[in-house]
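This briefing goes through a single protein model, topic by topic, for a reader who wants the criteria alongside the values. The sequence and structure come first, and the notes follow.

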Amino acid sequence: MADLLSWSQHVASWRREVHALYSDVRANPDPAAAHADWVARRTALFRDHPASARQPGQELDHAAYDPAYRFVVQLQPAEPEEWAPTTGTDGAVPFTRAGRFDIPGIGSLDVWWLESYGNGIFVPLRDATAGRTTYGAGRYLLDTVKGADLGREGPDGAEGTRWVLDLNFSYNPSCAYDPNWACPLAPLGNRLEAEVPVGELSPSGQPHD
């Protein structure tokens, strides 16, 4: 019981750190500077936090920021569809498709609404770099229940109804580092033919056997 309590405190601390990090990202008017802060703080969390999925020898690797991969788009309608991927600790996790993001020059990504625990928007992606320079099973862009929320903007840059999709903030799920984790991975509607060479890359170093 003591170990479980200690672990729950570590996880709560991790979640607070991630929520605070994305709050600072949304508040920063300079996307490149916000990304640099995100990289530095994620790297420190991954390296030092007791709730990190890091295995001995692994280090994060990020591509340089490229403003061409930042988009502000409307959520487009899509037919509702159920999706219930199985995870290692939570069993089948129910999602309902809530819409679709059309990203110019990149493709479309389904937007999923988490139907359990905290609710929230979830947008995974898998692109043509998967298995080469990025994790083969794909990455995450938004996961609002866990704090990964890049915000919304109006035409004048103020908060509004269009969603910020900055692919430079794509990051790996925990199972990219530790095979003992089982994570929801990109379904067909979240697989892109285009390359997304920005964001978090495959980690350097090898997992500990």
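Helix H1 (2-27), helix H2 (31-48) and strand S8 (139-143) each supply at least two residues of the lining of the largest pocket, where helices (H or I, at least four residues) and strands (E, at least two) are DSSP runs numbered from the N terminus. The model is a predicted one, in which local features need pLDDT of at least 70 and side-chain atom pairs count only at pLDDT 80 or more, while totals for chains, interfaces and linings use all residues. Residues are numbered from 1 along each chain as its sequence is written, and side-chain values use heavy atoms, with hydrogens and water left out.

**Largest pocket**

- The largest pocket has a volume of about 1,000 Å³, a volume being the space filled by probe spheres set on grid points that are joined across faces, edges and corners.
- A pocket is an open set of points on a 1 Å grid over the protein atoms alone, where a 1.4 Å probe fits and protein lies on both sides within 12 Å along at least five of seven lines; lining residues have an atom within 4 Å of a point.
- The lining comprises 38 residues, of which Trp14, Arg15, Lys146, Ser174 and Trp181 lie nearest the centre of the pocket, and H1 gives the most to this lining, with 7 residues.
- By class, the lining has 26 nonpolar, 7 polar and 5 charged residues, with Ala, Val, Leu, Ile, Met, Phe, Trp, Tyr, Cys and Pro counted as nonpolar, Asp, Glu, Lys and Arg as charged, and the others, Gly among them, as polar.

**Strand pairing and hairpins**

- Strand S5 (residues 95-103) and strand S6 (residues 107-114) pair in the antiparallel sense over 8 bridges, pairing being assigned if DSSP finds at least two bridges between two strands.
- Threonine 96 stands opposite tryptophan 113 in S6, and in the hairpin of S5 and S6, with 3 residues between the strands, glycine 105 takes a positive phi near 75°.
- S6 is also joined by 3 bridges to strand S7 (residues 120-125), in an antiparallel arrangement, and tryptophan 112 has phenylalanine 122 in S7 as its bridge partner.
- The hairpin of S6 and S7 has 5 residues between its strands, and tyrosine 117 in the turn has a positive phi of about 30°.
- A separate description applies to the open sheet of 3 strands in the order S1-S10-S9, whose pairing is antiparallel; its edge strands, S1 (70-73) and S9 (152-153), each pair on one side only.

**Aromatic contacts**

- There are 9 aromatic pairs, counted where rings of Phe, Tyr and Trp (its six-membered ring) have centres within 6.5 Å, with planes under 30 degrees apart taken as stacked, over 60 as edge-to-face and the rest as tilted.
- The rings of phenylalanine 101 and tryptophan 163 have centres 6.1 Å apart and planes at 55°, so this pair is tilted; phenylalanine 101 lies in strand S5 and tryptophan 163 in strand S10 (residues 162-166), so the pair ties together parts 62 residues apart in sequence.
- Both phenylalanine 101 and tryptophan 163 are buried, a term for under 20% relative accessible area, with exposed meaning over 50% and partly exposed in between (1.4 Å probe, protein chains only).
- Phenylalanine 122 and tyrosine 140 form an edge-to-face pair, 4.9 Å centre to centre with 80° between the planes.
- One aromatic cluster is formed by Trp83, Phe95, Trp112, Phe122, Tyr140 and Tyr171.
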